[in-house]
Amino acid sequence: MTLQQEIAGNATQLAVVSLQPGQSVYCEAGRFLFKTPNVTMETRLAGSSDKGGGQRSPGGGVGAGGLLRQAMGTTPQAGRRVPAAGSLALQYFTARGGEGTVGFAGVLPGEMRTLELDGTRAWYAAKDAFVAAESTVDFGVASQGGRTGGQDGEGFVPERLTGRGTVIITGAGTFIDLDPADFGGRVEVATGCVVAFEDGIRYGVRRVGGLNRPGLINAVPGGEGICMATLEGSGRVILQSMTLESLAAALSMAQGGDRQSPTGGVFSTPAG
């Protein structure tokens with residue numbers, strides 16, 4: 001059953017989903033905006049497979065013992081799942097007794113996009129890019145091999161989306177679509193600009209320069225820090241034109257704060 005949805009708004013978009021009786025959709029905690037009374041809401045805990053395949057535990061949850069072990073960081077999944085998505089919680093919405101409506105929103109001004117998964121290729125979404133998906137779509141965390149790297153000062157472990165159905169993602173600013181195959185098989189982008197990419201794309205990070213005068217000249221003015229993301233292979237890639245870091249730096253500058261934020265405050269000018 002295809003998920004009926006509409007992306008509304010301009011600078012800050014939201015997704016309005018129409019559910020048929022018995023149909024379910026889930027979202028990351030914090031994405032829910034509104035719903036009609038006949039739509040039930042249930043919070044479940046996302047599971048993770050050792051293969052990074054997005055498998056959820058039976059019933060969409062884990063037992064009290066499993067929750068405790070995850071909270072204490074003593075399960076293999078705990079070390080991967082929490083940094084990637086920021087939360088173990090997924091909220092499920094199901095229409096009961098008739099059609100229902102539920103709305104979702106992102107956390108930054110920007111675009112939303114729907115992806116239609118046909119079961120043949122997985123999609124990988126950056127932290128905070130995933131908004132919602134049909135219950136027929138499996139949500140998990142990719143294995144770290146070949147897809148990790150420093151992004152915005154943190155390890156980049158993408159969320160993995162597999163199965164069949166509709167997925168809604170979000171990004172800051174304007175979306176840019178490209179295929180590395182159209183550029184000789186490799187593109188380099190500012191870290192933090194990657195929203196999502198198809199299976200078949202290899203993600204990595206390279207240094208712009210060392211901590212010397214030429215390296216700082218290359219790194220600081222553009223605001224990319226000293227690392228650059230690389231995307232190789234063939235497949236769809238979605239980038240965003242704005243990042244949380246650039247927005248925070250602009251707001252700080254407007255308030256008279258640190259104007260050298262890309263260096264992490266090392267060369268900041270004292271206020272006053």
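Is D128 buried, partly exposed or exposed? With a relative accessible area of 37%, D128 is partly exposed; here buried means under 20% relative accessible area, exposed over 50%, and partly exposed in between, with a 1.4 Å probe and protein chains only.

## Basis of the description

This is a predicted model, in which local features need pLDDT of at least 70 and side-chain atom pairs count only at pLDDT 80 or more, while totals for chains, interfaces and linings use all residues. Residues are numbered from 1 along each chain as its sequence is written, and side-chain values use heavy atoms, with hydrogens and water left out.

## The loop residue D128

D128 is located in the loop between strand 9 and strand 10. Strands are DSSP runs (E, at least two residues) numbered from the N terminus. The phi angle of D128 is near 75°, a positive value in a residue other than glycine. Most residues other than glycine have a negative phi.

## Salt bridges

Side chains of opposite charge can pair when their charged atoms come close. A salt bridge is a side-chain nitrogen of Lys or Arg within 4 Å of a carboxyl oxygen of Asp or Glu, and by this rule the count comes to five salt bridges. One of them joins R44 to E42, with the closest N and O atoms 3.3 Å apart. R44 counts as partly exposed at 22% relative accessibility, and E42 counts as partly exposed at 41%.

Another salt bridge links R121 and E198, whose closest N and O atoms are 3.5 Å apart. R121 lies in the loop between strand 8 (110-118) and strand 9 (123-125), and E198 lies in strand 17 (residues 194-198), so this pair ties together parts that are 77 residues apart in sequence. R121 is partly exposed, with a relative accessible area of 34%, whereas E198 is buried, with a relative accessible area of 11%.

## The pair E232 and R186

The side chains of E232 and R186 also meet in a salt bridge, at 3.5 Å from N to O. Because E232 lies in strand 19 (residues 227-233) and R186 in strand 16 (residues 186-190), the pair ties together parts that are 46 residues apart in sequence. E232 is partly exposed, with a relative accessible area of 24%, and R186 counts as partly exposed at 36% relative accessibility. R186, E188 and E232 are linked in a network of salt bridges.

Two strands pair if DSSP finds at least two bridges between them.

Strand 16 and strand 19 pair in the antiparallel sense over five bridges. Within this pairing, E188 stands opposite T230 in strand 19. T230 counts as buried, at 5% relative accessibility. Leaving aside neighbours within four places in sequence, T230 is in contact (heavy atoms within 4.5 Å) with residues including R186, E188, Y203 and V205.

## Nonpolar cores

In soluble globular proteins, nonpolar side chains tend to be buried together. A nonpolar core is a set of buried Ala, Val, Leu, Ile, Met, Phe, Trp, Tyr and Cys residues joined through side-chain atoms within 4.5 Å. The largest such core has 20 residues, of which Y26, L161 and V167 touch the most other members. Several strands each supply at least two residues of this core, among them strand 6 (89-95), strand 10 (130-134) and strand 11 (137-141). Strand 14 gives the largest share of this core, three residues.

Beyond its neighbours within four places in sequence, L161 is in contact with residues including L117, W123, F130, F139 and V167. Apart from this core lies another, of 15 residues, among them L3, V17, M112 and A132.

## T114 in strand 8

T114 is found in strand 8 and is partly exposed, with a relative accessible area of 25%. Although T114 and Q5 are 109 residues apart along the chain, their C-alpha atoms are separated by 8.9 Å. Leaving aside neighbours within four places in sequence, T114 is in contact with Q5, I7, T166, V167 and I168.

How values were computed: Helix = DSSP H or I, 4+ residues; strand = E, 2+ residues; numbered from the N terminus.
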